[in-house]
Amino acid sequence: MVKIISRKSLGTQPVYDIGVKSDHNFILANGLVASNCFNKSHSTAYGYVTYQTAYLKANYPVEYMAALLTASSNSTDKIQKYIATCSTMGIEILPPNINRSDFDFTPISNSILFGFSAIRNLGDGAINCIIKARETGGEFKALADLCDRVDLRTLNRRGLEALVYCGAFDSIQPNRQQLIKDLDPVISWGQDRAKDRESGQLNIFDLFGNSNSEQDQDQNNNAWESAPTAPPVSDFSRQEKLNWEKELLGFYVSDHPLKSARPVAQVLSPVSLAELGDQKKGTTLSAIVMLTEVKPHLTKKNNERMAFVQMEDLTGQAEGVVFPKTYEKISSLLQADSRLIIWAKVDERDEKIQLIIEDAELIESLRTVVVKLNPKEVTTSHLNQLKSILQKHSGKKHQAKVPVLASIPTPQQYQFVRFDSKYWVQDDQVTVNALKASGFDARTAPVIRS
């Protein structure tokens, strides 16, 4: 390495990238080697950009994350990862809103409003049509009001369905199924209104004086009130709404099936799916996930049943493999939308991280053993006695499924700490009874409260 002892400005000079096939070092005239000269200039620039982005994230977190989401609007995986980051930063992601959303993700106070550009089946032309109509005539009062004011040749039925299904109209009509049923009559009504305007029928009375022009204008603005609607229907179920959000946005926005399990997930599965790339191959871990796709498969050698699954948590997605022995035990649990706690090993195939699932259980039926421990009162003998009881009830290797948590008081609230999986037990109630008999304050609790 050559040490630079002086510098001299040569003004503005042309700069060229130098490509070297076999050796990225450069031999100088005196025989010394200048190592990676070209790359050092790049690292300086990258370092400066890193400093700038870190500064923006620290001082303008909402604006920074909104820009990051907008730049990644074409990548579902990245958006899901950044939304999870927003959650840990305390930034709320607001669902699309027909009267507030813009083309891109928009920072609003300590929240980020979902942008129209990230909604599938909604083109740029349709988005610009909505925004222009809103800027010209004010907020939309109903689905019919929007259909009366936009060009339905640009914003077609497919785009309107996408807006309804992802909840963009919830602020003016929360019954999404009613809006879907209303689409046919309202679109037809809006198209007829557009044809009348093109033929001049709606404006002919303006030719005969201005005495009632304001009244006529009010009637024209409120024409949507006379639009036809479909017979009343009940709204979609919560799960149906979430499924449509996932279909059109790539992830859940208004809610998430795993959100109720978030507090315990942070304890029972400290490694999220988004962090699998940081784990060593062969690492054993537990994770609380939801299955999004299940593909049964037959092995070539013995024609045994196994499965490949796609799963997600609140941070990202991953692929899992269930080999025949495990499939025989948990096949009944392998259904799309099942919420599971899985025990798995990290694996890598074809340069892609995946999980080899060794066991699983529905989180709705999973219970925990909670032992209250006060560091000021617990002695070494107490801990040895606790360890002995848990080991006695842990059962055979790979069979224990009931997690054990320690509840430790802090100045603000109780903190939960997970015991190592080798201390998990087979029967929660039997274990609690044994702990109580030895003087421990213990209880059994469900992972998800109804």
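Buried means under 20% relative accessible area, exposed over 50%, and partly exposed in between, with a 1.4 Å probe and protein chains only. This is a predicted model: local features need pLDDT of at least 70, side-chain atom pairs count only at pLDDT 80 or more, and totals for chains, interfaces and linings use all residues. Residues are numbered from 1 along each chain as its sequence is written, and side-chain values use heavy atoms, leaving out hydrogens and water.

Start with the whole chain. Of its 450 residues, 39% count as buried.

Next, select Tyr165 and Trp244. Their rings are stacked, 3.7 Å centre to centre with 10 degrees between the planes. Rings of Phe, Tyr and Trp (its six-membered ring) pair if their centres lie within 6.5 Å; planes under 30 degrees apart count as stacked, over 60 as edge-to-face, the rest as tilted. Tyr165 sits in helix H6 (residues 157-165) and Trp244 in helix H9 (residues 238-249), so the pair ties together parts 79 residues apart in sequence. Tyr165 is buried, at 12% relative accessible area. Trp244 is partly exposed, at 32%.

Now select Trp343 and Trp424. The ring centres are 6.0 Å apart and the planes at 75 degrees, so this pair is edge-to-face. Trp343 lies in strand E9 (residues 339-349), Trp424 in the loop between strand E13 (414-418) and helix H13 (428-437). Both Trp343 and Trp424 are buried.

Notes
Helices (H or I, at least four residues) and strands (E, at least two) are DSSP runs, numbered from the N terminus.
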